[in-house]
Amino acid sequence: MIKIIASDMDGTLLNDKMQVSDFNAHAIREAQAAGIEFVVATGRGLTEAKPLLQAQQLEPAFITLNGAQVYDEDDQLVVDIPLTIDSRDFVIKTLNERGIYFELVTNQGIYSDSKVKRIQNVADLLVNLNPDTTYKIAVALAAARLELMNINYVDNYAELLQTPGLEVLKIIAFSSDHAALVEPKTLFNQQANLVVTSSSANNIEVNHINAQKGQALEAFAQQRHVSMDEVMAIGDNLNDESMIRDAKYGVAMANAVPQIKALAWEETKTNIEDGVGLAIKRAIELNQAE
């Protein structure tokens, strides 16, 4: 019996227009009506993720920032795992020395020091996740979504980091030159209290070692007295690896990277073919057959 379905967003729940399709939204409501809880598990922060679900009048719980923060369906923060100050400073120094653009995801919002680079890198992400999308269209979509995503812009991060009470929950670095990310990724992986994942080939996402989707999903399930044998997890990229591995019903998108497909229990269609909605309907059918 499947009692919880967790879905990634980019390249998974969201289509090539960065929207939750009507088909996927209807399938989520069908699951909820059948007694299955739907939860979003994303690398995005809540302010980036929530509006895209609200556009379809959906109010699920959210596992955000790869598990660094978890919010229940009433928007109450139930998990908070920031980077340590030493780790944060090491990552920032390493990226600055190599001239790699990065953003800080904090408990006080998402921060960028360049609107132009933000648009460029979101466009690169869209093209990477949706190869049929032209770069020109991707730039237009990225620019149009900036206000919705509630990004804050600063001249530099040094002053921001002096803000009382500020916690850095995730650092995401971008480069269209994939090779430029290899060395810093290796350095970060050598740190015992860091975990490095990615949501596309053009980025790396750095979190505290305890901030992983699989761990967060298991804790979320335990709070609801649900075992991981009763959980379906749907994803496409490396930051989904832990939850695809840990859930009994790990589902890979057809557009998923090979590592995710190798771990998955089953495969569904791509994000532009409503793969999440189809996986949800499969879960409902499995439950009805029991």
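On a 1 Å grid over the protein atoms alone, a pocket is an open set of points with protein on both sides within 12 Å along at least five of seven lines, and a cavity is a set of points where a 1.4 Å probe fits but cannot get out. A residue counts as lining if one of its atoms lies within 4 Å of a point. Grid points are joined across faces, edges and corners, and a volume is the space filled by probe spheres set on the points.

This is a predicted model, in which local features need pLDDT of at least 70 and side-chain atom pairs count only at pLDDT 80 or more, while totals for chains, interfaces and linings use all residues. Residues are numbered from 1 along each chain as its sequence is written, and side-chain values use heavy atoms, with hydrogens and water left out.

**Pockets**

The largest pocket has 16 lining residues, and Ser-198, Ser-200, Ala-201, Asn-237 and Leu-238 are those nearest its centre. Helices and strands are DSSP runs numbered from the N terminus (helices: H or I, at least four residues; strands: E, at least two). At least two lining residues of the largest pocket come from each of H5, helix H8 (182-189) and E11.

The second largest pocket is lined by 14 residues; Val-195, Thr-197, Gln-212, Leu-238 and Glu-241 lie nearest its centre. Strand E10 (194-197) and helix H10 (241-246) each supply at least two residues of this lining.

**Cavities**

There are two cavities of 30 Å³ or more. Of the 23 residues that line the largest cavity, Asp-10, Arg-44, Glu-48, Leu-125 and Ile-172 lie nearest its centre. Strand E6 (101-106), helix H5 (115-129), strand E9 (168-174) and strand E11 (203-208) each give at least two residues to that lining.

The lining of the second largest cavity includes Asp-10, Gly-11, Leu-14, Leu-125 and Asn-271. Helix H1 (9-13) and H5 are the elements that give two or more residues to this lining. H5 gives the most, with three residues.

**Volumes and residue classes**

Ala, Val, Leu, Ile, Met, Phe, Trp, Tyr, Cys and Pro count as nonpolar, Asp, Glu, Lys and Arg as charged, and the others, Gly among them, as polar.

| Space | Volume | Lining by class |
|---|---|---|
| Largest cavity | about 260 Å³ | nine nonpolar, six polar, eight charged residues |
| Second largest cavity | about 50 Å³ | five nonpolar, four polar, one charged residues |
| Largest pocket | about 260 Å³ | seven nonpolar, seven polar, two charged residues |
| Second largest pocket | about 150 Å³ | four nonpolar, six polar, four charged residues |
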